[in-house]
Structures are given as structure tokens and as C-alpha cells.
Amino acid sequence: ELMGVLYETDSRYIRCVKPNSAQKPDQFESGMSIDQLRYSGVFEAVDIRKQGYPFRYKFAQFACRYACINKGHRYRAGKRDYKAKCQELLDVNKQEFQDVVFGKTMVLYRTAEHSTLELLRNLALETVIPKMQAVMRGHLAREMKRRCFKLRDGIDAALRKRNDLDALIAAIDAVDPTIAHMKKIFPGVLPLNLEKGKKHRDDLQKWRDLEGVLENLLQKDANDVYYDLAEATDRADDLRDIPQTDKQIGLVEEAHAARANCDRGVIDNEAKDCLAVLDPDRMQAVVEKASTIPGHTSKELQEIERLLALEPIEFVQLEIKKAEEMGDERRRIHRTIRYKELYVEKHASEYYPFSSYDNLRNPMDYAKASFMAKFMGAEKKASQMLTYTKAASITSLTLITGDPQKVKTAKLISKCVRQYMGEKKFQTPDEAARQAVQLANANGLQDELLLQVMKQLCENETESLERGWHLFGYALLNVRPSEEFEYYVHVFLRKNAPENDYKRYTALMNTLEFGGPVASVSEAVRIITEGNGRSRFSISAEEPTGPSQ
């Protein structure tokens, strides 16, 4: 029974060699180790083995391993006649293999023959293996290309359907199992349209998710789920560039209709409409209407409340921009005029008195320009620089340097002003007024002309005051002040214009800016004297400010 068990085993005898007598690691006693090998008969066993045939292969193994040593030889032995093939490969080779022995099932040989066979085999493999590798690599690359093209075509077919999410998911999911183990050989090699397919899949999935949300919301009352419905429809609007199914299109249309027709939706739509045109009256009405629904709010209503809380001048600036966007010229003019009024109200102290104008000549320099200043006193002349005088101006009121001719023209403008106002006799006063305007516009002295008239209106208690205001009105209809000086003129009118005439004179400035000049002095005087204080370029703060109809 015991022997039966032993025969069933494939036992091995292991002889342990002690490296040292101390039985400690990392210590090796060569003499002790050799003695153990000698006394155990290992050397004798090796000698016995060497005297025999230490290398033994079965015929099939030998033929398979060494058939390659005869490069280009076609073996004549039968396909399964491995012994004949082994004999042929040794006979054909030019090396000496007389000591190779053939047994019944194996080829037996010693070290010398083994070394020769292995050398020949290695030399053959150096030639054969690169060729085999090239063939295999080419095959793998072509196979990988074939699989990638197949996957690419599948993804393209799904993309052409545009809104078929299931087909696209199937095409993308097929990538990993199709490429399989080859992704280790070709890391990072994938179908070129895979990323495009994944992005489109994610987009379609957004619609699939939204579809479920819309179906759920549409089963409920729109007023009860209004905010969720609004969020869902806004998301649908954001996704409108992504292809949808007919079902999804129908759901979105139904959701938009439900949102628009419920009480809260009606208010929000009105809020969007009035925000689009920035109509303050409608905006205020929408806020009041929204207050009837407790707790209702939306981003449109919040924006309206923010806009209505702005300073009037800030809101008017937004109205001007909106009018320009809409091409509403009438509203743009209306709001621009209102902006100037509000700006003057807010910054009047910065532009009064007009003696603070930066481009004004220094009063002492003005006085010293007169030869008589040495005798009369420069201080007196300087104090009269911006107040009414019958005498002609000594020099220009604005600062002019390096251009004597321009200074001379400024003095001529002063002369024309005095001629029109009657302080210097002239047969045709209207001609003097026209000449003053022509000189100012031709020589860039618009501010100079307006300053000359404003000077003659200050502290003027003579009969010429009325004609001075007529001249000022005519100048405002034909001469545009510089951007910096314009607000000085507005504030001057606000502080000094005859009672109830401030709007009338500012309307003259607006007529020139938005309409055109009035060349006729008599027509200008008629507008000033016969008007009722308003023109098509004068406005009221109470007027509607929405879009023009």
C-alpha cells in the first residue's frame, strides 16, 4: 500500500548545503560547501551525466526548435515524420553532427553539439524574428485601423440621425469591446469622431432628462409649479441648438404655453416686454400688478425694481442707449434733452459762475491789454471783464495765444454785439447779428460769441437788455458751444434767463443740435418773443418717456 502511494508521486530528493557552521545569514564558507558536495557524491553524479548525453529532445521538439538553422531550405520529410525531419536538418547543415544519437523517441547529444545548434539557431532568429515581428506589427496595425474605421462608421451613422440617443449610446459603448486587448498595444488610438459622439450624446442626454421633467410638470397646475416650469423652459431655450425629437418639441411648446398663460406667466411676459423697450410707465404698472400675487418674483421683476430704484439721470442714460439700439430717433432726442436738464440740476455748482470756465482769459491779463489801464487802473478794467459795459472789449474773452488775427476777429465780434444791442450806432442791426454768427462759426470762436453776449447781459439795467436776450437767442439757434462750455451756458440760462424763459432758451439750443440753424434774425426773434415757452425740442419731466409710436 505504501509503495503504491510512492509510485503515484513525482518525488524529488533535495540535498541541502550548509553555507557556514555558525548557521548565520550572510556568511559563506567555500571549503565547507565544497566538502559537502564532494562527500554527497554530487561531483561524481555530474561526471556520470557528462559521460552520457545530457541534452535530450523529443523528435517533434528538436525539429521545431532547430528547423530554422537551414535558411531557405525546404524540408522533404513528411509533415508528421519528425524523426526523418530531424535527420534531414542535421544532414543538410554544413556543421559536423556525427555524435548526435537518435533513440526511439528522442535526439540525444552532448554539450559541443548543443552549443553549435544554439549558436546556429540564434543566428537564424536574428534574421527571422525581425521579419516575423514586421509582419505581425503590420497585421496588428491594419486590424486596429479596420476596427477603428468600423467604429467610426457606426458613430457617424448615429450622428447623422441627429436625435437618436439610443443608437449613439450603442455606437459609443461598442468601442471598448471592439478594440479589446489591442488598446494595450495601441494606447490612445481611438476613432477620430469618438469625442464628437460623446459630446453629442451628453447633449442629447440633457434633452432626455429634461423630457422627463417636463412630462412631470405638465401633469400639474402651472401656477403651483410655475418656478419649476420657468426653470425647465429656460433650460429648453438654452438647449434649442441641440436636435430634439418631435415629442420633445411638442413638450416644450406645451410647457411654454402653460407658463405664458398662467397668472404669474402673464406678469413675467409683460415684464420682459417692457424691459425690452425700457418703458418706465409700463415697468411701474407691472410691479404694481405683481404685488397682487403674494410672494411672486422673477429675475425680470427684480431687474425692473433695480432699474426703477436708480437715480433719474442714470435711468435716462439707459433710455438713451436703448433708443439708439431700437433706432428710435425721437425718443433719443427726448431723453438726451432730459439728461442735460438732470445733469445741470445735479452739477450746477460746478458751472457757476461762468467766470470759472477754464478757457477764459485771466482778468488781469485782459485789463493789461488796454493802453488806458496804466491810467485808469488795471483792477477796474479786470472787474469789468465779464459785466456789461458800453465800451468795446479790450481783447478776446477766451484765451487765444499765438494768433493775433483771431484776437482781432474776437474784438470784431464784440463790436457786432454792441451794434445789434444799440450801444454802437449801426444802420442794419440784423446784419451785425448775422456777421457776428458768421465770424464765430468761420473762426472757431463760438464760445467767444456766447461769452460776449453773456457779458453784456450781466448787470445790464439799460434798454439794450431785451435786445441782448434776442441776440443771445439768435446765437443759440446758430452757434454751438464747445462740449465743455455748453453746461456753463445751461447754468447761466438757469440763473439769469427772464422769468419762465429758461425752457424757451434751452429749446433754442436743442433746435440747433437736433433740428438745424435759423439764419433769419427776425424769424429767430419771432420764435423767442411769440413762443409759449415750448417747442418740439422742449420737454416736460411728466411726459411719457417710452418708445415712440
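Colleague: Which residues of α22 meet α24?
Modeller: This is a predicted model. On the α24 side, the partners are Arg467, Leu471, Tyr474 and Asn478. By class, this contact has five nonpolar, two polar and two charged residues. The α22 side supplies Pro429, Ala433, Arg434, Val437 and Asn441.

Colleague: Are α22 and α24 oblique or roughly parallel to each other?
Modeller: Helix α22 covers residues 429-443, and helix α24 covers residues 464-478. Their axes come within 11 Å and cross at roughly 40 degrees. Angles under 35 degrees count as roughly parallel, and 65 to 115 as roughly perpendicular. The pair α22 and α24 is therefore oblique.

Colleague: Which residues does glutamine 446 contact, leaving aside neighbours within four places in sequence?
Modeller: Glutamine 446 sits in helix α23. Valine 479 is 33 residues away in sequence, but the two C-alpha atoms are 5.9 Å apart in space. Valine 479 is among the contacts.

Colleague: How far apart are the C-alpha atoms of glycine 516 and asparagine 478?
Modeller: Glycine 516 lies in the loop between α26 (502-515) and α27 (521-530). Asparagine 478 is one of the α24 residues that meet α22. Along the chain, glycine 516 and asparagine 478 are 38 residues apart. Their C-alpha atoms are separated by 7.9 Å.

Colleague: Is glycine 516 buried or exposed?
Modeller: Not counting residues up to four places away in sequence, glycine 516 touches Leu477 and Thr511. The relative accessible area of glycine 516 is 18%. The cut-off for buried is under 20%. Glycine 516 is therefore buried.

Colleague: Where is glutamate 459, and is it buried or exposed?
Modeller: Glutamate 459 has a positive phi of about 60 degrees, although it is not a glycine. Most residues other than glycine have a negative phi. Glutamate 459 is placed in the loop between α23 (446-457) and α24. Its relative accessibility is 66%, so glutamate 459 counts as exposed.

Colleague: What is the phi of aspartate 26?
Modeller: Aspartate 26 is in the loop between α1 (2-8) and α2 (30-39). At 85% relative accessibility, aspartate 26 counts as exposed. Its phi is positive, in a residue other than glycine. The value is near 65 degrees.

Colleague: Which two residues does a cis peptide bond join?
Modeller: Most peptide bonds are trans. Here, omega is about -5 degrees. The proline of the pair is in the loop between α17 (329-347) and α18 (363-368). The cis bond joins tyrosine 352 and proline 353.

Colleague: How many nonpolar residues are in the contact of α4 with α5?
Modeller: The axes of α4 (residues 59-66) and α5 (residues 82-92) come within 8 Å and cross at roughly 40 degrees. The two helices are therefore oblique to each other. Phe59, Ala60, Phe62, Ala63 and Tyr66 of α4 touch Tyr82, Lys83, Lys85, Cys86, Leu89 and Leu90 of α5. Of these residues, no polar and two charged ones are counted, and the nonpolar number is nine.

Colleague: Is the crossing of α4 and α5 left-handed or right-handed?
Modeller: The axes cross at roughly 40 degrees. The crossing of α4 and α5 is left-handed.

Colleague: Which residues does arginine 235 contact, leaving aside neighbours within four places in sequence?
Modeller: Arginine 235 is in helix α11 (residues 226-238). With a relative accessible area of 33%, arginine 235 is partly exposed. Lysine 206 is 29 residues away in sequence and 9.4 Å away in space, C-alpha to C-alpha. The contacts are Lys206 and Leu210.

Colleague: What is the radius of gyration of the protein?
Modeller: The protein has 27 helices and three strands. For 549 residues the globule rule gives 24 Å, and the protein is well over that, so it is more spread out than a compact globule. Its C-alpha trace spans about 155 × 75 × 60 Å along the principal axes. The radius of gyration is 54 Å.

Terms used
Residues are numbered from 1 along each chain as its sequence is written. This is a predicted model: local features need pLDDT of at least 70, side-chain atom pairs count only at pLDDT 80 or more; totals for chains, interfaces and linings use all residues. Side-chain values use heavy atoms; hydrogens and water are left out. Axes are lines fitted to C-alpha atoms, for helices over the stretch in contact, and angles run from 0 to 180 degrees between N-to-C directions. Helices (H or I, at least four residues) and strands (E, at least two) are DSSP runs, numbered from the N terminus. Angles under 35 degrees count as roughly parallel, over 145 as roughly antiparallel, 65 to 115 as roughly perpendicular and the rest as oblique. Contact means heavy atoms within 4.5 Å. Ala, Val, Leu, Ile, Met, Phe, Trp, Tyr, Cys and Pro count as nonpolar, Asp, Glu, Lys and Arg as charged, and the others, Gly among them, as polar. The radius of gyration is taken over C-alpha atoms; the globule rule is 2.2 Å times the number of residues to the power 0.38. Buried means under 20% relative accessible area, exposed over 50%, partly exposed in between (1.4 Å probe, protein chains only). A crossing is left-handed if the near helix is turned anticlockwise from the far one by less than a right angle, and right-handed if clockwise.
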